[in-house]
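Here is a friendly walk through one protein model. Have the sequence and the structure open side by side as you read.

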Amino acid sequence: MRTAKLMRPKTIEVLEEPLLSSPGTEEAIVQVKAVGICGTDLHVFQGQRSDITYPLVMGHELSGIVVDIGIGVNHLKIGDRVVLDPVFSCGKCATCCNGHANVCGNVKCFGVQMNGGFQDFIKVPADHLYVFPERYSFEEAALAEPYSIAANIFSRLTPKPGENMLLMGAGTIGLTILQAAKAGGCRVMVTDVVEEKLRNASAFGADYVVNSKTSDLQNEVRRFAPDGVTLLVDAVGIAPLLEQCIQFAAPAGKIAVIGFDDTSAPISPAQITRRELTLVGSRMNNHKFPTVMEWFKSGQFHPGKMITGKYPIEEIQSAFEHTLYNNANCIKTIITF
Ligand SMILES: [Zn+2]
Ligand SMILES: [Zn+2]
């Protein structure tokens, strides 16, 4: 079988490897059909992550067909079209037992801290696999994972219909959050510094788009929502945007943070206290694939419109390079098998 390995920063080689052995108890073998390239993969590709070991098979946004199942697998059968929840935790610690597996001290993401999906076959615990609705293609279904990020943010923010949201950043994750917010009946203002990304946001239903490089954001927020924005998401994940989210939040506002920026933002306790703000973190997803499958069934989500490039596995190196150097025009690049 073919397996694409990141041998060292910026070098992926497609190698031939022996087929996998039979699945063990509660395991399944999936023939991979489509895998998305994520921002995380691009960081790993460039050698910007210290928590990985080479060679590494990347890829955590994937879909495929179940081709073999082990003993004790009851919810799947051979031939099922499935997506994979890539969040692997210990399942035993207090954090896991209390229902927060995505922030387990030993949490791993498939394709980041363990080998992932850029290969013909994977053997995985079957309880990480979810059958996706018939109407979606493998390419579309591979986007379930970025939608799970949005689903997790929503479980943290609990938005109500009619609420105003300020969404900072119209990248891939920003667009999944936008679709979820619109499906949930929110009004959404989207900011970015790249015009192409703002155009994407408009196409995905943003009520108001603002280029934060050329506009006075404070004024624009007031114009969009005179009574203030109560939901704020920093979908870029950098300290200055967290600071702005706190600045622009209405009383009783909720702010979601998803970034891994280690630099600090100057935030005073008074800013949080005076308006009784809520600051929530959201990491990967905590068993949110069932929610995403419900979203997909509703027909209100358009993963297909997010796919801007498709490459066969043999061309994975150029797919990564193209995605990296054409960031403004790429929403989601898919590797096919
Ligand atoms: Zn991802
Ligand atoms: Zn744990």
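Does Leu242 count as buried or exposed, and why? The model is a predicted one, and in it Leu242 counts as buried because its relative accessibility is 16%, which falls under the 20% cut-off.

**Around Leu242**

Helix H8, spanning residues 239-248, is where Leu242 sits. Setting aside neighbours within four places in sequence, Leu242 is in contact with Asp234, Ile255, Val257, Ala265, Ile267 and Leu279.

**The nonpolar cores**

Ile153 leads us to the largest nonpolar core, which has 47 residues. The members that touch the most others are Ile153, Met165, Leu167, Ile177, Leu178 and Val233. Several elements give two or more residues to this core: helices H3 (138-141), H4 (144-157), H5 (172-183) and H10 (289-298), together with strands S10 (164-168), S11 (187-192) and S13 (229-234). H4 gives the most, with eight residues. Both domain 1 and domain 2 supply at least three residues each to this core.

There is also a second, separate core of 43 residues, and Val32, Ile52, Val82 and Ala101 are among them.

| Core | Number of residues | Some members |
|---|---|---|
| Largest nonpolar core | 47 residues | Ile153, Met165, Leu167 |
| Second, separate core | 43 residues | Val32, Ile52, Val82 |

**Two domains**

How is the protein divided? Domain 1 covers 2-131 + 302-336, and domain 2 covers 149-281. Taken over C-alpha atoms, the centres of domain 1 and domain 2 are separated by 29 Å. Across the boundary, nine residues of domain 1 are in contact with eleven residues of domain 2.

Finally, turn to the second largest pocket, whose volume is about 230 Å³. Which residues of its lining are the closest to its centre? They are Val87, Ser89, Asp127, His128 and His287, out of 13 lining residues. By type, the lining of the second largest pocket divides into seven polar, four nonpolar and two charged residues.

Conventions
Residues are numbered from 1 along each chain as its sequence is written. Chains are lettered from A and ligands numbered from 1 in the order in which they are written. This is a predicted model: local features need pLDDT of at least 70, side-chain atom pairs count only at pLDDT 80 or more; totals for chains, interfaces and linings use all residues. Side-chain values use heavy atoms; hydrogens and water are left out. A nonpolar core is a set of buried Ala, Val, Leu, Ile, Met, Phe, Trp, Tyr and Cys residues joined through side-chain atoms within 4.5 Å. Buried means under 20% relative accessible area, exposed over 50%, partly exposed in between (1.4 Å probe, protein chains only). Helices (H or I, at least four residues) and strands (E, at least two) are DSSP runs, numbered from the N terminus. Domain bounds come from an automatic or database domain assignment. On a 1 Å grid over the protein atoms alone, a cavity is a set of points where a 1.4 Å probe fits but cannot get out, and a pocket is an open set with protein on both sides within 12 Å along at least five of seven lines; lining residues have an atom within 4 Å of a point. Grid points are joined across faces, edges and corners, and a volume is the space filled by probe spheres set on the points. Ala, Val, Leu, Ile, Met, Phe, Trp, Tyr, Cys and Pro count as nonpolar, Asp, Glu, Lys and Arg as charged, and the others, Gly among them, as polar. Contact means heavy atoms within 4.5 Å.
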